[in-house]
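Hi,

Here is the structure I promised to pass on. Have a look at it first, then read my notes below.

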Amino acid sequence: MTAAPQPLPAFEVEPIAGALGAEVRGIDLARPLDPATRQSLHDAWMRHHVLFFRDQAITVDQHKAFARNFGELHVH
């Protein structure tokens, strides 16, 4: 039995000049992430170390919800 192919992420990751960072386009951080998108973003984060999400109109609560996809939040 062959495993079904995984859908491609619905966003783009464009490396920024130099060795660090990438810009993520085509994703709305105000919406919950499905498991495949969360994994693809995590993989991009591990590969590029810094991700930039430009032009996101999100509330503080939406920002926290997005961040919780990647671990426990710590208040400083």
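What follows is a quick tour, from the overall layout down to a couple of residues.

Before anything else, the ground rules: this is a predicted model, where local features need pLDDT of at least 70 and side-chain atom pairs count only at pLDDT 80 or more, while totals for chains, interfaces and linings use all residues. Residues are numbered from 1 along each chain as its sequence is written, and side-chain values use heavy atoms, with hydrogens and water left out.

The protein has 2 helices and 3 strands, and along the sequence they run β-β-α-β-α. (Helices are DSSP runs of H or I with at least four residues, strands are E runs of at least two, and both are numbered from the N terminus.)

The strands make an open sheet in the order β1-β2-β3, with mixed pairing; two strands pair if DSSP finds at least two bridges between them. β1 (12-15) and β3 (51-53) sit at the edges with a single partner strand each, so one side of each has no neighbour in the sheet. From one strand to the next the twist averages 30 degrees. β2 (residues 22-25) and β3 run parallel, paired over 3 bridges, and V24 has F53 in β3 as its bridge partner. Helix α1 (residues 35-48) packs on this sheet, touching β1, β2 and β3, and its direction makes about 125 degrees with that of β3. (Contact means heavy atoms within 4.5 Å; axes are lines fitted to C-alpha atoms, for helices over the stretch in contact, with angles from 0 to 180 degrees between N-to-C directions.)

Now the inside. Of the 76 residues, 18% count as buried, meaning under 20% relative accessible area, with exposed over 50% and partly exposed in between (1.4 Å probe, protein chains only). The largest nonpolar core has 10 residues, including F11, V24, L41 and F66; such a core is a set of buried Ala, Val, Leu, Ile, Met, Phe, Trp, Tyr and Cys residues joined through side-chain atoms within 4.5 Å. β2 and α1 each supply at least two residues of this core. Leaving aside neighbours within four places in sequence, F11 touches V24, R25, G26, I27, T37, S40 and L41.

And which residues does H48 touch, not counting those up to four places away in sequence? They are V13, P15, L20, G21 and A22. H48 belongs to helix α1 and is buried, at 12% relative accessible area.

Cheers
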